Amino acid sequence: MASPEMYDTPLLGILQHQGKIENFLDVMFGFLYRRTDFFRTMRSKEDRMGFPPGVQEKMLYSIFKKWQHYATQDEERMMKKLQEKAEKERQAAAAASAVVEEVEVETTKEPENKENKTDKSSTSEKTKPKTDATGTVDTACTSEGKSDGQKDEEKKERTGRETVDNNEVPKDASKADEKAVTEKEAMDGAAAKPVSQEEFQQDAESWNGAVRENYKWAQHIHEVEIRVHVPQNIKKAKECVVDIKNNFLKVAIKDGGQVEVLMEGKLTNKIICEESMWSLEPGKCVQVNLEKEKEYWWKAVLVGEPEIDIQKIEPIKHMHDMDDEEQSGVQRMMFDQQQKMMGKPQSHEMKVHDMLKKGWDAPGSPFAGQEFDPTKFNISPGGVQM
């Protein structure tokens, strides 16, 4: 089954046009009413179209519960992330509080140091060199005082140098760590870029297409969808320059007064310009929808670019692109699938049963007078001409 995201663009257009989800759902169910047998109820075993009573409601409820389960999982993951974020903030606040307490403890020791300095100064005053009556200075005391002062100054200089050295090391280390993280992220990003068609098929934006340097492209049988990446500061359509011709495409942006071309070249196949369009998803991408002139699968968007292997894509054709005969065949296959799941006869079996019933009670039949039992027959789909 193809990714449901591939239908987001047309469905979003319908939703924006209708304005309300209620009106949107009304359009969807109206389509099912007009173009399918969804609302038809099988009244007898001979009915080949529709669903048995109650099957439609069960189908809708099952699909609703599936997407509700996804929504619940998303909400739980979001709550878990919020809780983890709150826990990290709490731990960071606790760590900051511990640092503040440590600083307060260190600052409380400063008065003691001042007292010690006062004591030292008083001591130095006591040991201040004295002069005798003749004016001679006590050289022993002065030399001792000078040596103590020099020691204090040298100690302060050493402490200052150590502080500078300690401050410089984390800066260098942090720069190196930051550079290593940046290089790792770049390598991870390069490794994560899809390169094979199997990987392209996993993304709705490159489904049946590819991922290129500046853009992604996907395609259906009648159109090509291109998403050209733009910088986050591109918020308005007037900042974009898009030129669409029947065999040419150019996408550029106006950034800082200059025009920067993001994508330009000749298209590999012709398109219908009047039915092609583009729009801007602010800060993300320019989305271009090209209507194909002929319904076949493209190998590339621009001439000269690498081509995809169309043998590895999913060549799905939508119901509205099919003629009446093709739609009838698809509806028959859908009906057969439903019958098989319920353990009931499929369309080819029902056709043979109708033929066998006519001869069941015919004159000379060994089954005359007995109730028709289809289990006595093994009917192969290939043996029936539908």
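This is a predicted model: local features need pLDDT of at least 70, side-chain atom pairs count only at pLDDT 80 or more; totals for chains, interfaces and linings use all residues.
Residues are numbered from 1 along each chain as its sequence is written, and side-chain values use heavy atoms, with hydrogens and water left out.

**Exercise 1.** Work out which strands β2 pairs with, and whether its faces are buried or exposed.

*Solution.* Start with the strands themselves, which are DSSP runs of E, at least two residues long, numbered from the N terminus. Two strands pair if DSSP finds at least two bridges between them. β1 and β2 run antiparallel, joined by two bridges, and A210 has W217 as its bridge partner. A hairpin of three residues links β1 to β2. On to β3: five bridges pair it with β2, again antiparallel, with Y215 opposite V228. Here too a hairpin of three residues makes the link.

Now the faces. In a regular strand, side chains alternate between the two faces of the sheet. Y215, W217 and Q219 lie on one side of β2, K216 and A218 on the other, and all are buried (under 20% relative accessible area, 1.4 Å probe, protein chains only).

**Exercise 2.** Find the residues with the most contacts inside the largest nonpolar core, then follow V301.

*Solution.* Such a core is a set of buried Ala, Val, Leu, Ile, Met, Phe, Trp, Tyr and Cys residues joined through side-chain atoms within 4.5 Å. The largest has 30 residues, and W217, I226, M263, V286 and V301 have the most contacts inside it. β2 (215–219) and β3 (223–229) are among the strands that each supply at least two of its residues. Beyond its neighbours within four places in sequence, V301 is in contact (heavy atoms within 4.5 Å) with residues including Y215, W217, I226 and M263.

Terms used: Buried means under 20% relative accessible area, exposed over 50%, partly exposed in between (1.4 Å probe, protein chains only). Helices (H or I, at least four residues) and strands (E, at least two) are DSSP runs, numbered from the N terminus.
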